[in-house]
Protein chains: 2
Amino acid sequence: MTYIGHGGKEIVERVLEPEKAAEAIKGLTPVPIRGQIAREIIDISYGFFTPLEGFMTRADVEGVCNEMKLANGVLWPIPIVFDISTEEINEKGIKEGDKLLLTYQDKPMAILEVEEIFTYDKQEMAQKVYGTTEEKHPGVARTYNYKDKFIGGKITLVNPPKINPPFDEFFFTPKQLRQKFAEKGWQRIVAHQTRNVPHTGHEWLMKGAWLSTHGELPVEKTLTGVLVNAIIGEKRKGDYIDEAIVLCHDVLRKAGYFREDVHLTSITLWDMRYAGPKEAVFHAILRSNLGLTHHMFGRDHAGVGTYYDPYDAHRIFDQFPEGALNIKPVRVLAWWYCPICGEVTYSGLCGHKEHSQNFSGTLIRSIIQDGVKPPRLIFRPEVFDLIMECAEKYGFGSAFVTDKYLQERNPVFSLPDMKY
Amino acid sequence: MTYIGHGGKEIVERVLEPEKAAEAIKGLTPVPIRGQIAREIIDISYGFFTPLEGFMTRADVEGVCNEMKLANGVLWPIPIVFDISTEEINEKGIKEGDKLLLTYQDKPMAILEVEEIFTYDKQEMAQKVYGTTEEKHPGVARTYNYKDKFIGGKITLVNPPKINPPFDEFFFTPKQLRQKFAEKGWQRIVAHQTRNVPHTGHEWLMKGAWLSTHGELPVEKTLTGVLVNAIIGEKRKGDYIDEAIVLCHDVLRKAGYFREDVHLTSITLWDMRYAGPKEAVFHAILRSNLGLTHHMFGRDHAGVGTYYDPYDAHRIFDQFPEGALNIKPVRVLAWWYCPICGEVTYSGLCGHKEHSQNFSGTLIRSIIQDGVKPPRLIFRPEVFDLIMECAEKYGFGSAFVTDKYLQERNPVFSLPDMKY
C-alpha cells in the first residue's frame with residue numbers, strides 16, 4: 001500500500017533491517033546526540049516529517065526562513081536542523097560526503113549522510129521563524145542554544161527504538177496509523193493537539209470539532225474520527241506528566257465519554273517551538289502525514305506570551321494556495337461552562353457571555369493540586385481518579401513535572417542494545 | 001438583486017400591484033378555495049416553490065410520480081395540485097384558456113390561468129408518492145380527499161395576505177429572507193424544520209447541526225446561522241399550538257441559548273404530507289429557495305407510522321446527481337440526555353447508550369400537561385414559562401390543539417377586503 005504524505009510525496013520510511021543495519025554502521029564515526037535530535041530522527045525515519053528524508057541543508061533552511069518553503073517548493077514553516085560544534089567537527093574530522101553513526105544514550109541510532117556542513121545566523125533564523133529575537137521566547141532560546149554549525153543530510157534509522165509502557169500502545173508510525181484508520185472505516189479524521197489532561201472543555205472542543213469535521217457525511221456508520229495526538233517532548237517543571245496526559249485522554253473513550261468507534265489516542269515525539277501560527281502550520285503538516293483530513297485549531301494555538309495574536313494561527317491558513325496542504329483547518333472558539341445553560345457549551349453559540357466561566361488553567365491546576373474530586377462537569381471522575389493514580393504511579397506523587405520526574409522518570413523510548 | 005432558486009431558476013414572484021390587480025380580476029369567475037390551496041398559493045406566488053409558477057399540469061404530475069421530476073426535468077418529489085369537482089367545472093362552465101378568480105374566506109386571492117383540466121388516478125398517485133395506498137397514511141388520505149379533477153396553470157396573487165400577530169414578525173418571503181441573510185453576513189445557513197416547541201434535545205440538534213454546517217469556516221466573525229423554519233399548516237387535535245412553537249423557538253435566542261448573531265426564527269405555510277424521504281427532499285427544495293445552504297435531517301424525518309425506514313430520508317440524498325439540489329443535507333442522529341455525562345449529548349459520540357435517556361414525546365407532553373417546571377436540562381425555564389403563557393393567551397388554556405382552538409383561534413393570515 002502506497003501512502004501519500006505532505007507535498008504529494010510518498011510517506012518516507014528510512015529504517016534498515018537489523019542485518020543490513022549491523023553491516024552499514026561498521027566503521028562509521030560515532031557522534032552522540034541529545035533527546036531533541038533523537039526524537040526528530042524517529043520522526044524523519046518513520047515519515048512523520050515527510051517529505052523530509054533527513055536534516056535540512058542550507059537551501060532548505062533558507063527557503064523555510066524566507067518563504068516558508070523547502071528548496072523543492074513544498075510548504076514548510078520550521079527548520080529541522082542537526083547542530084554540531086566546530087570543535088566536534090574538527091576533532092572527529094567530519095567532512096562532507098562522510099557518513100556518521102549517531103548514538104543516543106551510548107547506543108547506535110541512525111546514520112547521517114553528511115551532505116553539507118553550513119552555518120546560519122541564529123538571530124536571523126529566530127527573527128524569520130518566530131518574528132522576534134527575544135530569548136525569553138522558548139523557540140528563540142532553543143534556536144540560540146543550537147551549536148554553531150549545522151549538518152544537512154539524509155537519516156537512516158539503524159536501531160528502531162522501543163517505546164516504553166504506558167506509551168507503547170499509543171505510538172503509531174504514519175503508515176500504522178493510516179492502516180488503523182482504514183480498519184475503522186474513517187473517511188475524515190480530525191486531530192486534537194494536546195499537552196494537557198482533558199477537562200470537559202477539552203472534551204467538548206473535540207466533540208465540537210468532530211461535528212464540524214463530520215459535516216454532511218452519512219451517520220448510519222461512523223465515518224468520522226477524532227485522533228488525540230499528544231505531543232511528547234522535552235518537559236519543563238510544572239508541565240503535566242506525559243503519562244497522565246496520554247492515559248487520561250484515552251480513558252475518556254474507555255469510560256464512554258467518547259464512543260469506541262469515534263476516538264483514538266496517539267503520540268508524536270516533538271519538542272514544542274511555540275511558533276504560534278507557523279507551529280500551527282507545522283502541526284497541520286505533521287498530522288496530514290499521519291493521514292488526518294482535518295486539524296482543529298483553538299485560540300492562540302501553540303503561542304506563547306503575547307508574541308502572536310490569538311487568531312494568527314487561524315488566519316495563516318487563508319494564505320496558502322489550493323493543494324499546499326492536504327488537511328483542512330477546523331478553527332474553533334472556546335467551549336466554556338455556562339451557569340445559565342447549566343452545561344459546557346460553545347462560546348460561538350451561547351449568548352450568556354457575561355455569565356460564562358472559562359476553564360482557567362490556574363483553577364484546573366489548583367483542583368488537581370488539592371486532590372478533591374471536582375464536579376463531573378469540570379473533570380470526568382474517571383479522568384480525575386486517573387490523574388491521581390498517574391501522579392502516584394509515574395509522577396513521584398505529583399501530576400506535574402518535578403525535578404525528580406525529570407531525572408528519574410522512565411523514558412518514553414529506549415534503544416535496544418546493538419554492537420558498534 | 002436576482003436570486004437563484006431551485007432548478008437554477010430565478011426566484012418566482014407573481015404578485016400584482018393593487019391597481020393592476022383590481023383591473024385584472026374584473027369579470028373573472030370566482031372559485032372559492034380551502035386553506036391548503038390558499039397556503040400553497042402564497043408559497044407559489046412568493047417563490048417558496050420555485051420554479052413552480054402555478055399548480056401542476058398533468059405532465060408535471062406524471063413526471064413527479066414516475067421520476068420525481070417536473071416535466072422540465074427539475075427534481076421535485078410531491079405533486080402540487082389544484083383539485084376541483086366535475087360538478088363545479090360544469091356548473092361554472094370552466095374550460096381550458098379561462099382565468100379564474102380564486103377566493104378565500106369570501107375575498108379575492110389569486111388568478112388561476114386554466115391551462116389544463118385533467119384527471120389522475122389517486123391510488124396510483126398515492127402509491128407512487130407515498131409508497132402505499134393505505135388511507136391511514138395521512139398523505140394518502142389527503143390525496144384521496146382531492147376532488148376528482150385537477151386544474152393545472154399559473155397563479156398570480158392579487159390580494160397579498162396580511163400575516164397576523166404573533167406570526168407577522170416571522171414571515172419572510174424567499175427574497176426577504178435572502179436579504180436578511182446578507183445583512184447578517186451568513187455564508188452558510190442550516191435549516192431546522194420544526195412543528196415542536198423546543199426542548200434541549202432540539203436545541204442541541206440545532207447547535208450540533210450548526211457546528212456540522214460551519215465546518216472549516218473562520219470563526220472571528222459569525223459566518224454561519226441556523227434558521228428555524230416552522231411549518232404552519234392544517235392543525236390536528238393534540239398538536240402543539242402554532243403560537244407556542246414559533247414563540248418558544250424564538251425565545252431560545254432572546255434568552256441567550258443562541259447568540260443573537262447565529263439564529264433566526266421563521267415560518268413557512270405548508271400542510272405536512274408525511275412523505276418521509278420524499279418530504280425530506282421537498283423540504284430541502286423549499287429551504288434552498290429560502291436561500292439556505294444546508295438542511296438538517298434527523299431520524300425518521302417527516303415520516304409516519306412504519307411506512308419508511310428511519311434512515312430513508314438520509315439515504316435518498318445519495319441518489320441525486322451533482323447540482324440537482326442546491327442545498328446540502330446534514331444528517332444527524334439524536335441528542336439524548338446522558339446521566340453519566342450529566343448533560344445533553346450526541347448519540348453519535350456518547351458511549352453510554354445503555355444509560356441514555358431519549359427525549360420521549362410522551363414524557364415531554366406530560367411535563368407540559370402537568371405544568372410543573374421541569375429541570376432546565378429538559379426545558380429551558382424561559383421556554384417552559386412561555387409555553388404556559390401561550391396556552392393561556394392563544395390556546396384557550398392548552399398548549400395543545402383543542403376543538404376550541406381549531407374553531408376559534410386567530411387565523412395565521414387574513415386577506416384584506418377587496419372589491420370583486
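How many bridges join strand 9 of chain B to strand 10 of chain B, and do these strands run parallel or antiparallel?

Author: This is a predicted model, in which local features need pLDDT of at least 70 and side-chain atom pairs count only at pLDDT 80 or more, while totals for chains, interfaces and linings use all residues. Residues are numbered from 1 along each chain as its sequence is written, chains are lettered from A and ligands numbered from 1 in the order in which they are written, and side-chain values use heavy atoms, leaving out hydrogens and water.

Strand 9 (residues 188-194) and strand 10 (residues 224-232) of chain B run parallel and are joined by seven bridges. Strands here are DSSP runs of E, at least two residues, and helices are runs of H or I, at least four residues, both numbered from the N terminus; two strands pair if DSSP finds at least two bridges between them. Within this pair, B:Arg188 stands opposite B:Thr224 of strand 10.

Both strands belong to an open, parallel sheet of five strands in chain B, ordered 11-10-9-12-13. Strand 11 (263-269) and strand 13 (328-331) of chain B each have a single partner strand, so one side of each lacks a neighbour in the sheet. On average, neighbouring strands of the sheet are turned by 30° against each other, direction ignored.

Helix 7 (residues 174-184) of chain B lies across strands 9, 10 and 11, at about 175° to strand 11. Angles run from 0 to 180 degrees between N-to-C directions, with axes fitted to C-alpha atoms, for helices over the stretch in contact; contact means heavy atoms within 4.5 Å. Helix 10 (residues 277-289) of chain B also packs on the sheet, touching strand 9, strand 10, strand 11 and strand 12 (294-297), and its direction makes about 150° with that of strand 12.
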